[in-house]
Amino acid sequence: MRESKKESIINEKEAAVKKNEEVKPEKKNEETAAEKQEQKPEIKKEKINQEEIKQEPKVQKKVKNTTKKGVKKEKKPTSRQHEIKVAGTILVSLLGAMLLYFIYFEVKGKDDVLSSKYNTRQQNMAQLIRKGDIVTSDGVVVATTQTREDGTEVRAYPYTNWYAHTVGYSVLGGYGLEDTQKLNLLTSHVDFWTKLKNEFLGVKTQGDTLVTTLDSGLQDFCYRQLDGKTGSITVVEPSTGKILAMVSSPNFDPNTVEEQWSWLTSEENTTQNMMNHATQGTYPPGSTFKLITLLEYIRENPDTWQDFHYTCTGTYTNGDYVVNCHDGVAHGELDIYGILGMSCNGAFDTIAQTLNSTKWQKLAEDFGYNQSDRSQVDFPYKKSHFDIASDDSVWSRMQLAIGQGTTTVTPLLNLMIYAAIANDGVMMTPYLVDHYLDADGNVVEQTKPKALRSVCTKAEAELMDEFLTYVITNGTAAAGGSQYARVSGKTGSAQYDSTKNYHAWFCGYGTNDVSEIAVCVMIEKGGAGGIVAAPVAGQIFDYYFSR
């Protein structure tokens with residue numbers, strides 16, 4: 001019984017302990033609930049902060065990224081990555097080089113490649129296209145394709161020698177426009193279906209027609225003026241650069257050039273028939289260069305040039321050097337206009353000793369001397385030359401001032417110098433191809449006039465025009481005037497050997513209310529410019545402006 005009682009007490013104690021353990025978790029849960037109740041405001045506050053953060057995500061992101069970049073370590077490129085980078089650089093360089101070549105080819109090289117005699121494309125085109133005609137600006141056919149009885153085609157030139165150095169010939173590699181424009185002449189803008197039909201029928205499609213800038217009547221007149229003489233006559237439109245006439249003598253017949261080739265190119269033939277004297281002939285400019293010398297003097301003496309006076313005795317002496325005026329004529333007392341009007345060598349030799357050689361050289365080059373550009377002319381040419389820098393001696397200045405010594409010029413450049421004065425100091429690019437026509441008479445390509453260079457200011461050009469007009473009205477070029485137009489110009493008698501033998505020059509321009517032309521006449525070994533070349537120019541002005 002005691003044991004039962006003992007067990008009963010033990011059981012009650014265990015039950016009490018057990019009950020006590022069951023009560024403690026409830027208290028703990030109550031405490032947890034209380035803690036949660038106290039933490040709720042803090043959780044709400046945290047949510048508010050998160051909403052504020054969300055309203056400025058960019059700032060938080062920026063700070064985060066900046067921190068990350070600052071912590072991030074830079075990895076060294078592996079050898080594989082380096083190889084890829086090098087290969088990429090090489091590839092980009094090759095692509096760049098290809099792009100540059102493509103641009104060069106399109107702008108400059110395409111025509112040379114396509115026109116090359118080694119390019120078989122021309123032969124292929126000739127099988128399908130009948131070569132187009134070449135005509136003057138007024139529609140006269142000067143080169144055409146004829147078919148012989150055996151079916152072969154041949155180029156024919158109805159006006160024989162008249163256009164020999166401009167139109168040229170198509171055989172033996174070609175020359176003139178026949179050479180430079182051969183690809184365009186073998187191009188046809190006829191519609192696709194007509195081409196397809198012609199090819200199916202075995203009929204050639206007519207090529208486009210080249211319309212030149214040449215005036216047939218003016219070309220014919222200039223050709224006759226050179227009959228029996230050696231030299232050239234060139235006429236341009238100053239405002240555009242259009243070549244209205246270009247004749248060189250002696251010349252040749254392009255219809256028979258193949259048969260006469262051996263003789264024309266032989267050393268025994270000293271007449272230089274194949275040379276275009278207007279673009280390939282280089283001669284001392286003589287007194288036509290005095291225009292540039294005068295302009296340089298005026299530039300260097302802007303306030304006093306009008307006060308210049310010179311007394312001409314017919315001879316100018318400087319130390320041991322002596323220069324005579326033409327035929328030793330004494331011109332007497334001359335002002336600044338008179339020295340150009342009378343073309344006084346002594347006055348210009350006096351001026352030359354005062355000029356700045358560097359500025360003088362630059363002015364000559366501004367006018368086109370020493371320039372390698374071909375002025376866009378589609379035939380062989382030579383560069384004109386003026387150089388005082390290599391020999392700035394007293395004698396050299398005396399010679400260069402009057403267009404003698406080492407100075408040489410082509411008739412075309414000399415003409416463009418005077419044309420630039422007529423065009424307010426802007427020299428235009430001379431050209432022969434005006435436009436192309438398709439078989440229906442539609443213009444498919446048109447040449448746009450382009451300025452080549454500015455040689456002087458408009459005010460200077462106007463002043464030079466006054467001087468050149470004076471030369472016609474009161475000076476050596478009177479025979480170059482015209483009753484139909486106002487003419488301005490300058491003559492030149494260029495000594496070409498140690499004796500008194502001269503090339504005859506006239507360069508100038510004429511204008512009326514309708515049009516304007518510039519003319520250069522150069523007669524080799526012709527004599528005095530005022531006696532030989534000027535009258536020819538006067539007749540050209542009369543013919544052109546009286547039509």
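The model is predicted, so local features need pLDDT of at least 70 and side-chain atom pairs count only at pLDDT 80 or more, while totals for chains, interfaces and linings use all residues. Residues are numbered from 1 along each chain as its sequence is written, and side-chain values use heavy atoms, with hydrogens and water left out.

**View 1. Helix H10 meets helix H13.** Helices (H or I, at least four residues) and strands (E, at least two) are DSSP runs, numbered from the N terminus. The axes of H10 (residues 290-300) and H13 (residues 357-366) come within 10 Å and cross at roughly 130°; axes are lines fitted to C-alpha atoms, for helices over the stretch in contact, and angles run from 0 to 180 degrees between N-to-C directions. That makes H10 oblique to H13 (under 35 degrees counts as roughly parallel, over 145 as roughly antiparallel, 65 to 115 as roughly perpendicular, and the rest as oblique). Look for Trp360 and Leu363 of H13, which are among the residues in the contact with H10; contact means heavy atoms within 4.5 Å.

**View 2. Helix H10 also meets helix H12.** Here the axes of H10 and H12 (residues 345-352) come within 10 Å and cross at roughly 45°, so these two helices are oblique to each other. On the H10 side you will find Lys290, Thr293, Leu294 and Tyr297, meeting Asn345, Phe348 and Ile351 in H12.

**View 3. Asn269 sits in a loop.** Follow the chain between helix H9 (257-264) and H10 to find Asn269. Asn269 is buried, with a relative accessible area of 10% (buried means under 20%, exposed over 50%, partly exposed in between, with a 1.4 Å probe and protein chains only). Leaving aside residues up to four places away in sequence, Asn269 touches Trp263 and Leu264.

View 4. Five strands run in the order E8-E7-E19-E18-E17, with antiparallel pairing; two strands pair if DSSP finds at least two bridges between them. At the edges are E8 (243-249) and E17 (486-495), each pairing on one side only. E18 (residues 502-511) and E19 (residues 516-523) pair over 8 bridges, and Gly508 stands opposite Val519 in E19. Helix H8 (residues 216-225) lies across E7 (231-236) and E8, running at about 25° to E8. Helix H15 (residues 411-422) packs on the sheet too, touching E7, E8, E17, E18 and E19.
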